[in-house]
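Good morning, and thank you for making time for this item.

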There are 2 protein chains.
Amino acid sequence: MSPKITTELLKQLRQVMKSPKYVQEPVQAYIVPSGDAHQSEYIAPCDCRRAFISGFDGSAGTAIVTEQHAAMWTDGRYFLQAAHQMDNNWTLMKLGLKDTPTQEDWLVSVLPEGSKVGVDPFIIPADQWKRMSKALRSAGHDLVPVKENLIDTIWTDRPQRPCRPLITLDLSYTGVSWRDKIVALRSKMAERKVPWFVVTALDEVAWLFNLRGSDVEYNPVFFAYAVIGMNTIRLFIDGDRLMDPAVREHLQLDSTLEPEFKIQVMPYGSILSELQTVGASLSPKEKVWISDKASYALTEAIPKAYRYLTPYTPICIAKAVKNASETEGMRRAHIKDAVALCELFSWLEKEVVPKGTVTEIIAADKAEEFRSQQKDFVELSFATISSTGPNGAIIHYKPVPETNRTLSVNEIYLLDSGAQYKDGTTDVTRTMHFGTPSAYEKECFTYVLKGHIAVSAAIFPNGTKGHLLDSFARSALWDCGLDYLHGTGHGVGSFLNVHEGPCGISYKTFADEPLEAGMIVSDEPGYYEDGSFGIRIENVVLVIPAETKYNFKNRGSLTFEPLTLVPIQTKMIDVNLLTQKECNWVNNYHQKCREVIGAELERQGRHEALQWLIRETEPLMRV
Amino acid sequence: MSPKITTELLKQLRQVMKSPKYVQEPVQAYIVPSGDAHQSEYIAPCDCRRAFISGFDGSAGTAIVTEQHAAMWTDGRYFLQAAHQMDNNWTLMKLGLKDTPTQEDWLVSVLPEGSKVGVDPFIIPADQWKRMSKALRSAGHDLVPVKENLIDTIWTDRPQRPCRPLITLDLSYTGVSWRDKIVALRSKMAERKVPWFVVTALDEVAWLFNLRGSDVEYNPVFFAYAVIGMNTIRLFIDGDRLMDPAVREHLQLDSTLEPEFKIQVMPYGSILSELQTVGASLSPKEKVWISDKASYALTEAIPKAYRYLTPYTPICIAKAVKNASETEGMRRAHIKDAVALCELFSWLEKEVVPKGTVTEIIAADKAEEFRSQQKDFVELSFATISSTGPNGAIIHYKPVPETNRTLSVNEIYLLDSGAQYKDGTTDVTRTMHFGTPSAYEKECFTYVLKGHIAVSAAIFPNGTKGHLLDSFARSALWDCGLDYLHGTGHGVGSFLNVHEGPCGISYKTFADEPLEAGMIVSDEPGYYEDGSFGIRIENVVLVIPAETKYNFKNRGSLTFEPLTLVPIQTKMIDVNLLTQKECNWVNNYHQKCREVIGAELERQGRHEALQWLIRETEPLMRV
């Protein structure tokens with residue numbers, strides 16, 4: 001991976017930062033956030049502005065360019081990748097390390113007095129605008145909205161915004177019709193006495209209408225907004241995709257409906273003016289509910305006194321708690337996904353060991369091939385992390401020809417991959433050795449496994465927030481002076497985004513909502529040694545009620561049930577470091593893999609993979 | 001404990017809430033916070049306004065009185081106590097339970113449109129003012145400062161503000177002179193380019209000047225403020241206590257000093273006007289550093305643009321990291337404290353079992369008597385919680401004649417107590433049974449012990465915040481569906497407040513500062529069964545560097561060393577629920593108690609207590 005040369009681009013950007021054609025007054029700094037106008041984590045090529053200007057294309061990062069400097073803030077998952085992808089024009093700001101300045105502090109330290117800092121008001125979330133604007137103002141600077149995106153002005157071959165066909169999901173997948181979801185949303189709005197609700201996140205629009213799209217790679221969403229009133233539904237969406245008879249039928253666009261369920265379809269680009277119209281029409285005490293992470297532009301469209309801001313929208317919270325149809329779908333998807341991975345690992349074992357011709361890219365492609373053979377496969381749920389040896393230490397590595405290593409019997413192989421099936425979304429990481437792991441590699445793997453089990457088997461009271469479980473995942477590593485620089489888990493959508501709020505398991509997440517039965521999160525502790533290897537063990541787990549001996553204050557307890565059912569390589573485990581309870585956990589887990597996935601492999605006639613599964617699920621024995 | 005009858009008082013308060021003599025406009029609600037003008041947790045009798053108006057005298061709680069309602073917010077430690085102490089005029093708002101409204105939400109739900117909510121601006125912290133004012137304003141109400149405290153106007157026999165003599169502490173106790181503390185503080189101020197610093201917390205004034213007082217029971221502090229400039233020191237303090245030659249000598253008030261170390265002594269009541277003078281004299285860019293928890297009145301004295309607010313002051317952070325002299329003092333204090341407790345428990349065993357005449361109050365008094373025999377004893381560090389049977393479930397119980405139970409061989413006895421010695425502050429809880437505990441009592445005790453050990457033996461990276469350790473203390477309880485409704489630990493001062501910031505171990509504390517070697521906190525998980533019993537095991541522990549096998553990113557690791565060395569009753573332990581590691585921890589701990597405290601008991605010729613100690617520290621054996 002050679003870095004992107006950005007000298008010329010930065011020169012051009014610095015010119016437009018001063019050009020009266022684009023800015024009312026010159027800006028001394030320009031912020032390029034990661035997201036799009038919907039604050040998406042995964043974005044369409046036309047929105048990859050931060051990657052365009054810097055070369056760094058990880059999923060999280062904010063670039064700031066001043067007249068003299070260019071700096072990039074990203075987190076521990078991306079330190080190595082960002083350092084590889086950016087040239088010397090850029091300074092890497094490592095989030096989470098003690099001495100790393102915040103963007104605000106850094107700006108204050110480098111800017112001349114009374115500077116203007118520009119940003120695209122559609123891209124910056126309102127809460128970030130507020131924080132940054134306040135910090136800059138108190139240091140004598142100004143954050144200013146720059147209507148025309150300055151990156152777009154210098155991005156000559158910028159791709160078009162995608163506008164691909166929609167997929168309709170029937171009740172067997174969603175469990176609840178879009179009409180009933182609107183009814184439930186309106187009842188939440190009535191509870192808070194807020195007659196308007198703006199849907200800005202792409203996965204929230206998709207979930208609400210039981211539609212899916214493919215405008216963004218890996219995330220089955222489509223570019224749209226919605227504004228829901230107590231008696232009106234407005235959907236802002238472009239293209240002729242609403243001409244599709246199946247979609248028209250699904251949304252009942254041509255039916256005679258009660259007016260409060262009649263969907264008005266409007267152009268995507270008209271959201272701002274429509275919202276301004278709604279804002280202007282409000283009577284006193286009427287408010288508009290909008291996420292505090294929505295863009296500054298949309299938030300400003302609603303007069304301040306009429307805004308009802310919350311960190312998580314009622315759709316975000318409802319979407320996180322999967323109903324029975326969604327849970328069953330997720331189970332099916334994970335069974336199919338496990339079948340594909342058993343095929344892959346069985347194939348790798350045959351290929352890697354004797355031949356040594358399988359590269360990271362070939363392995364990733366093969367994983368996709370096996371997944372695509374499964375029913376209702378749609379696409380991958382994120383770029384496959386197929387990494388061997390030192391590449392495994394690059395936490396969100398994606399193999400490209402320049403970095404592509406060949407799998408061997410001498411290195412650890414880490415595969416973090418997942419898929420979108422029409423019935424569910426998967427995300428699984430397994431770390432394998434095709435030869436003989438060293439004692440040290442086994443030791444580290446076993447600590448990570450102990451952390452994985454500590455979370456997976458944790459029992460905790462109803463109402464507990466996920467961040468209170470994060471240290472369980474680290475305890476075994478901490479005991480030996482080890483750790484990993486990323487969170488332990490994220491919410492997972494149901495045939496939707498592989499990362500979703502409002503729950504998660506992280507030392508950083510203090511605004512997370514409490515875990516509830518029906519929520520689905522990942523459990524993925526790891527250990528990474530720069531230049532040597534990476535280890536991660538990830539299952540997707542479902543929050544379920546736990547049976548406990550007692551029941552303090554009648555609160556009830558919760559625990560997790562693994563949905564992912566793929567063997568954890570026992571060769572990598574130092575059994576003597578496990579407690580009997582941990583050993584039993586592994587054996588029970590493998591027993592379940594053998595039963596459930598074994599039956600499906602049998603049904604699909606995949607006999608070699610079945611043999612592999614049986615070998616890999618032999619019980620561990622403590623000596 | 002019978003509740004305080006408040007009908008007449010509330011009537012009077014509601015009258016003054018409308019009286020033009022005290023308020024510019026009538027206020028429809030009046031807030032009575034817990035603290036004093038220094039936001040102290042423990043307060044002088046003259047400041048116990050919330051207890052006066054409601055009857056509830058726990059250490060935490062906020063009362064709000066409207067024309068129709070009176071409500072009290074307090075946390076899980078005090079639910080039972082508050083319910084006992086308040087009459088039917090009051091509604092108890094249980095903080096931490098899901099359905100409990102915030103004060104703001106509650107006010108909005110009960111107030112008529114356009115109400116005024118009054119509060120004493122010297123009592124409400126600025127950060128609370130800001131939050132509450134914003135919430136009320138957005139609902140059409142106003143938070144207004146009421147200069148004269150309305151409780152004081154109806155409190156006819158309100159005690160005088162105390163003004164007792166000061167104690168000077170020399171270098172052998174403090175390790176650092178007040179001059180050097182001023183130098184260090186000024187260097188922090190220079191780092192942030194803030195030329196003024198306001199010391200508002202009583203323990204921060206005491207720590208900075210190496211002085212102690214006794215204006216507030218249990219907390220060796222005195223009523224004072226200080227304003228530190230880069231070249232000036234102003235100490236705001238009343239009374240003739242600065243006439244004491246020892247104090248004058250200590251503060252070098254009569255010496256010829258460099259002007260920047262010359263202390264100007266000013267009347268306590270002049271802080272506001274002096275601060276306004278400082279505020280008015282500032283040149284642009286000059287700021288005044290003040291805690292964001294300082295009172296609204298003092299914060300408002302500084303023009304907004306000149307305020308530099310932080311959640312923790314540099315004094316708070318410096319004070320938390322104990323130096324070698326302070327650590328040694330804390331060790332000595334804990335040895336003496338353990339001697340007193342060994343005496344007490346040995347005495348209790350002789351008295352309770354055969355005679356059955358010892359009440360909770362007698363036991364508490366006896367504990368104080370034994371402590372007072374120790375060198376440099378000053379006073380208790382908080383009201384002794386001496387509770388048996390169901391009283392043990394009242395988390396911050398204090399025995400009074402009406403509730404006083406007799407210790408027996410049939411009930412669990414919980415003693416949470418501590419003292420101020422000139423060399424250190426102690427806080428220890430032990431839970432004992434003088435007869436034969438039931439299997440269930442032992443089971444619960446053992447889970448609490450497992451949690452205590454999990455925190456005490458935890459190894460964690462440098463930079464870890466205490467709240468990330470909280471779940472370790474709960475895990476064993478959670479596994480069985482049990483929990484406790486309080487945090488796990490608090491910072492402990494060095495001959496200062498028994499509760500101090502900025503560190504702690506709690507699921508609630510997200511603004512805590514990272515733990516550092518030299519910090520001292522408590523480790524005190526518990527389990528409480530309303531109406532039956534309470535269990536808590538508390539040690540004060542010192543944060544120390546940990547030796548680990550590896551050292552990820554060279555961050556280094558930390559762990560805890562117990563300073564408290566009092567046996568944990570092995571009779572209460574179900575050994576079969578302990579792992580071998582936990583069993584070893586108990587045995588090593590008891591071995592250390594036997595060695596260190598045994599030697600001191602021997603030296604003090606306390607032979608019966610020594611025999612008791614030896615019996616109580618016999619090693620556990622797993623079967």
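Into which domains is chain A divided? Before I answer, please keep in mind that what you see is a predicted model. Chain A is divided into domain 1, covering 6–154, domain 2, covering 167–319, and domain 3, covering 321–616.

Let me begin with domain 1 and domain 3 of chain A. Their C-alpha centres lie 34 Å apart. On the side of domain 1 of chain A, ten residues are in contact with eleven residues of domain 3 of chain A. Together the two domains bury about 880 Å², and carbon and sulfur atoms account for 63% of that area.

I turn now to the interface between the chains. Here 40 residues of chain B are in contact with 40 residues of chain A. The area buried between chain B and chain A is about 3200 Å², with 58% of it from carbon and sulfur atoms. On the chain B side, B:Trp478, B:Tyr550 and B:Phe552 supply 22% of the area buried against chain A, more than any other three residues.

How many salt bridges cross the interface of chain B and chain A? The rule finds six. In general terms, side chains of opposite charge can pair when their charged atoms come close. One salt bridge joins A:Lys549 to B:Glu443, and the closest N and O atoms of this pair are 2.7 Å apart. Across the interface of chain B and chain A there are also 14 residue pairs in polar contact, again with both residues at pLDDT 80 or more. Several elements of chain B each supply at least two residues of the side that touches chain A: α5 (126–138), α16 (439–456), β21 (460–461), α17 (470–479) and β25 (526–529). Of these, α17(B) gives the most to that side, namely five residues.

Next, a sheet in chain B. Three strands make an open sheet in the order β16-β17-β20, with antiparallel pairing. At the edges are β16 (385–388) and β20 (428–433) of chain B, each of which pairs on one side only. From one strand to the next, the twist averages 10 degrees. Four bridges link β16(B) to strand β17 of chain B, residues 412–417, in the antiparallel sense. Among the partners there, B:Thr388 has B:Tyr413 in β17(B) as its bridge partner. Across β16, β17 and β20 of chain B lies helix α15, residues 360–372 of chain B, running at about 145 degrees to β16(B).

Some points of backbone geometry follow. A cis peptide bond joins A:Gly501 and A:Pro502, with omega about 0 degrees. A:Pro502 is placed in strand β23 of chain A, residues 500–505. In chain B, the peptide bond from B:Gly501 to B:Pro502 is cis, with omega near 0 degrees, and B:Pro502 is placed in strand β23 of chain B, residues 500–505. A:Asn210, a residue other than glycine, has a positive phi near 55 degrees. A:Asn210 lies in the loop between α9 (202–209) and β9 (211–212) of chain A.

I close with salt bridges over the whole structure, where a search of all chains finds 78. One of them joins A:Arg474 to A:Asp470, with the closest N and O atoms 2.7 Å apart. Why are these two residues separated by about one helical turn? A:Arg474 and A:Asp470 are so separated because they are four residues apart in helix α17 of chain A, residues 470–479.

Terms used
Residues numbered from 1 in each chain as written. Chains lettered and ligands numbered in written order. Predicted model: local features only at pLDDT ≥ 70, side-chain atom pairs only at ≥ 80, totals over all residues. Heavy atoms only, no water. Pairing = 2+ DSSP bridges. Axes fitted to C-alpha atoms, helices over the stretch in contact; angles between N-to-C directions. Contact = heavy atoms within 4.5 Å. Domains from an automatic or database assignment. Buried area = accessible area lost by both parts, 1.4 Å probe. Salt bridge = Lys/Arg side-chain N within 4 Å of Asp/Glu carboxyl O. Polar contact = N/O pair within 3.5 Å; in protein donor to acceptor, adjacent residues only side chain to side chain.
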